[in-house]
Amino acid sequence: MKNIFIILNYNSFFKVKKIVKQLVRYKNVDELVIVDNNSKEVDVEELRKLNNKKITVFYRKINDGYAKGNNYGVKKAMELFGEKNVFFIVNPDIIVTDEAIKVTSDFILNNKESAGVVAPTEESKKSAWKAATPYTNMLFDGGFIGWLTTKFKLNNKLRFYSREMKQNQKNIHVDVISGAFFGFYGPTFKLVGMFDSNTFLYYEEEILFIKLNRNGFKNYILPGVSYKHTHDYSKNKNNVKTAKISNQSRKYLFQNYFHLNFFEKLLINLANFDAIMLARSRDIKNSLIKSKSDD
């Protein structure tokens, strides 16, 4: 039984190099499968320089998002190493210990008939949250409204598992686990159809929870071990573009996995509108800051 790590790269070689340098040293890491989603040539050239018997790199000619890219990596890894292994989905901007990997893998193997996805606790304690409904989605992910609930820390009490984290449990049954880092038993992931490939980015974890839950599997976080998600991305990104991608995934989730009434459909449309308004305000602010710095 192997621990196989799937790392998706898109123009992020130096982050990938950093996490790979960390993972190849660990005795509980057997294989590293890197999937490049049509990065710039400089990234591809650097990836070709990675030389370790644990590393396999696949180069794709399309960037079709998180779900399809990771599904591709899992499928290729299953072809090479078999389905009956523990697989980990890994963002390049995480830091995890060998012990955390071992504890997570052992838990999955000891509970493979019932466990869906399993992860250590992220240091911020926000790596798992209660599944979205049209109402909570508007409250926590609805642009200005979500910004306000975050600012006043209402989401800590209502969305995340803050209370359960304080109860000194060995494992906590949760709904949704962050896609930054988690593990699963190969046959389980295959049984539920892997990630839904109809999203480009965002809400993949929400949909995966629904698919696992409908098939009788439960997700867990393990408070005894942890990892760190550095969120190492550009703060100068196009917020409106990002919001539009998120809105498409939000719409897909609620149209295809929920039976919404008229009012709930209205809430989703309002959440999408609110998200665009907040994104525009942030882009304007960033533009003004950049103009001042250029003067």
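**Cavity and aromatic pairs**

Visitor: What volume does the largest cavity have?
Guide: This is a predicted model. The structure holds 1 cavity of 30 Å³ or more. The volume of the largest cavity is about 40 Å³.

Visitor: Which element supplies the largest share of the lining of the largest cavity?
Guide: The lining includes Val 176, Ile 177, Glu 205, Leu 208 and Phe 209. Two elements each supply at least two lining residues: β9 (176-177) and α10 (204-214). The largest share is 3 residues, and the element is α10.

Visitor: How many residues of the lining are nonpolar?
Guide: Among the lining residues are Val 117, Phe 182 and Asn 219. The lining divides into 1 charged, 1 polar and, for the nonpolar group, 6.

Visitor: Why is the pair of Phe 58 and Tyr 72 edge-to-face?
Guide: The structure holds 15 aromatic pairs. In this one, the ring centres lie 6.0 Å apart. Planes over 60 degrees apart count as edge-to-face. The pair is edge-to-face because its planes stand at 85°.

Visitor: Where in the chain do Phe 58 and Tyr 72 lie?
Guide: The pair links distant parts of the chain, 14 residues apart. Phe 58 is in strand β3 (residues 55-60), and Tyr 72 is in helix α3 (residues 65-81).

Visitor: Is Phe 254 buried or exposed?
Guide: Phe 254 pairs with Phe 258, with ring centres 4.8 Å apart and planes at 40°, so the pair is tilted. Phe 258 is partly exposed, at 24%. Buried means under 20% relative accessible area. Phe 254 has 1% relative accessibility, so Phe 254 counts as buried.

Notes:
Residues numbered from 1 in each chain as written. Predicted model: local features only at pLDDT ≥ 70, side-chain atom pairs only at ≥ 80, totals over all residues. Heavy atoms only, no water. 1 Å grid on protein atoms, 1.4 Å probe; cavity = no way out; pocket = protein on both sides within 12 Å on 5 of 7 lines; lining within 4 Å. Points joined across faces, edges and corners; volume = space filled by probe spheres on them. Helix = DSSP H or I, 4+ residues; strand = E, 2+ residues; numbered from the N terminus. Nonpolar A, V, L, I, M, F, W, Y, C, P; charged D, E, K, R; others polar. Phe/Tyr/Trp six-rings, centres within 6.5 Å; stacked < 30°, edge-to-face > 60°. Buried < 20%, exposed > 50% of the residue type's maximum accessible area, 1.4 Å probe, protein only.
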